[in-house]
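Look over the sequence and the structure first, then read on.

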Amino acid sequence: MPRRILRSGAAERTERSRQRRSSPSGGRRRAHRAALPGAALAALALTLGGCTDEGSGEEPEAPSAAPEEASADPALAAACTEFWGDPDYAGPLSREVLDRAGSAPEVGPSDPGFYGMTGDDVEDLFADAPEGARAAATELADWFRTQPERGAESDREAFADAFEGVAAGCQDVSVAALWAAGGGEAGAKPAALVCADVFDTPGTLTHFANSNVLTSNMFKLVGLSPREVPSGSTDDLRATAELLDAQIAAVDDDAVRTALEQVRAPFVDALDGDTWSDGLQDPLDQLATACAEQGYHAPAPAEEGGDAVVGAPAPEDAPARADASHPADGSPAHLAALPAPSNGATA
């Protein structure tokens with residue numbers, strides 16, 4: 001039976017990037033950036049809750065976002081918001097950057113110019129940002145211009161350093177950047193960001209070191225449907241359980257935390273010697289429901305022959321599936337009414 005493959009958003013963006021080779025890059029991002037500063041600052045102020053009060057010398061009457069809003073450079077806030085996706089975390093450039101870097105070792109030598117355009121996007125986005133953030137973005141952009149053509153020899157550590165450099169430059173105005181830079185406190189990570197990390201962030205910087213999202217990588221181990229856990233997968237099982245442990249400890253929502261514990265369960269069971277997995281369908285249904293309550297609408301995973309495609313929330317104007325009560329593709333009924341996935345990776 002032919003394998004069912006959903007078109008990923010990464011693939012769609014790839015096609016769009018190829019189509020715009022002959023046109024000047026960056027116009028879309030410049031236009032979007034010009035409209036962002038006020039809204040971005042307001043959203044960030046609400047999210048960060050005015051966590052800085054240094055220099056005021058006075059006892060505030062109540063927590064306020066004003067000091068953070070006043071101190072943030074509008075161009076920095078705008079660029080960081082678009083790169084990291086605060087506060088909705090749907091389709092940010094950082095996720096595309098991870099996807100491209102994850103595929104570079106295999107695909108890079110065949111079309112280095114395409115990867116160079118990703119560098120152009122990054123550099124253009126930060127063109128008006130302060131010098132420090134702009135320099136960090138340039139370093140990341142240069143990686144895409146020089147390393148993908150080396151294929152398997154591309155310097156992954158240099159990519160990680162450059163990516164974290166952009167995170168460090170944005171951590172004062174972006175919650176996602178703060179966590180990417182290694183900051184954040186236990187129990188304080190926004191549930192929507194946790195959901196995005198689980199459902200739709202490529203595993204380029206995880207132990208998987210590929211462009212597949214976490215759920216897709218997990219299906220190879222414990223399945224979406226019931227299956228026997230592959231032998232010799234102890235290291236991957238343990239590393240995956242540790243990734244989920246970190247998200248469980250970090251998330252700020254009890255329902256998402258509880259659902260993540262159910263997602264983690266088959267990995268813990270396998271490490272304890274029970275190598276039959278009931279699959280992740282039910283745990284992911286629970287997680288998707290909890291994520292939706294926090295404003296993040298998770299994609300419906302699809303599996304055939306052990307493979308899967310997972311993606312981020314699709315654009316709002318995408319058509320919904322016809323019948324939510326009887327989804328033709330076997331996806332969970334509560335997810336079937338959502339638009340088709342727009343971003344992801346094949347397992």
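The S-S bond of Cys-80 and Cys-170 has a torsion of about -80°, so this disulfide is left-handed. The model is a predicted one. Cys-80 lies in helix 5 (residues 74-84) and Cys-170 in helix 9 (residues 156-170). A disulfide is a covalent bond between the sulfur atoms of two cysteines. The structure holds two of them.

**First link: Cys-80 and Cys-170**

- The sulfur atoms of Cys-80 and Cys-170 are 2.0 Å apart.
- The two cysteines are 90 residues apart, and their bond links distant parts of the chain.
- Is Cys-80 buried or exposed? Its relative accessibility is 0%, so Cys-80 counts as buried; the cut-off is under 20%.
- Cys-170 also has a relative accessible area of 0%, so it is buried.

- Cys-195 and Cys-291 form a disulfide, with 2.0 Å between their sulfur atoms.
- The angle about this S-S bond is -90°, and the link is left-handed.
- Which helices does the pair join? Cys-195 sits in helix 11 (residues 191-200), and Cys-291 sits in helix 15 (residues 281-293).
- Cys-195 has a relative accessibility of 1%, so it counts as buried.
- Cys-291 is buried, at a relative accessible area of 0%.

**Pairing order**

- Number the bonded cysteines in sequence order, and the pairing reads 1-2, 3-4.

**Packing of helix 14 and helix 15**

- Two packed helices are described by the angle between their axes and the distance between the axes.
- Helix 14 (residues 254-271) packs with helix 15 at an angle of about 165°.
- The axes of helix 14 and helix 15 are 8 Å apart.
- The crossing of helix 14 past helix 15 is left-handed.
- Helix 14 brings Ala-255, Val-256, Ala-259, Leu-260, Gln-262 and Val-263 to the contact.
- Helix 15 brings Pro-283, Leu-284, Gln-286, Leu-287, Ala-290 and Cys-291.
- How many of the contact residues are nonpolar, polar and charged? Ten are nonpolar, two are polar and none is charged.

How values were computed:
Residues are numbered from 1 along each chain as its sequence is written. This is a predicted model: local features need pLDDT of at least 70, side-chain atom pairs count only at pLDDT 80 or more; totals for chains, interfaces and linings use all residues. Side-chain values use heavy atoms; hydrogens and water are left out. A disulfide is a pair of cysteine sulfur atoms within 2.5 Å. Helices (H or I, at least four residues) and strands (E, at least two) are DSSP runs, numbered from the N terminus. Buried means under 20% relative accessible area, exposed over 50%, partly exposed in between (1.4 Å probe, protein chains only). Axes are lines fitted to C-alpha atoms, for helices over the stretch in contact, and angles run from 0 to 180 degrees between N-to-C directions. A crossing is left-handed if the near helix is turned anticlockwise from the far one by less than a right angle, and right-handed if clockwise. Contact means heavy atoms within 4.5 Å. Ala, Val, Leu, Ile, Met, Phe, Trp, Tyr, Cys and Pro count as nonpolar, Asp, Glu, Lys and Arg as charged, and the others, Gly among them, as polar.
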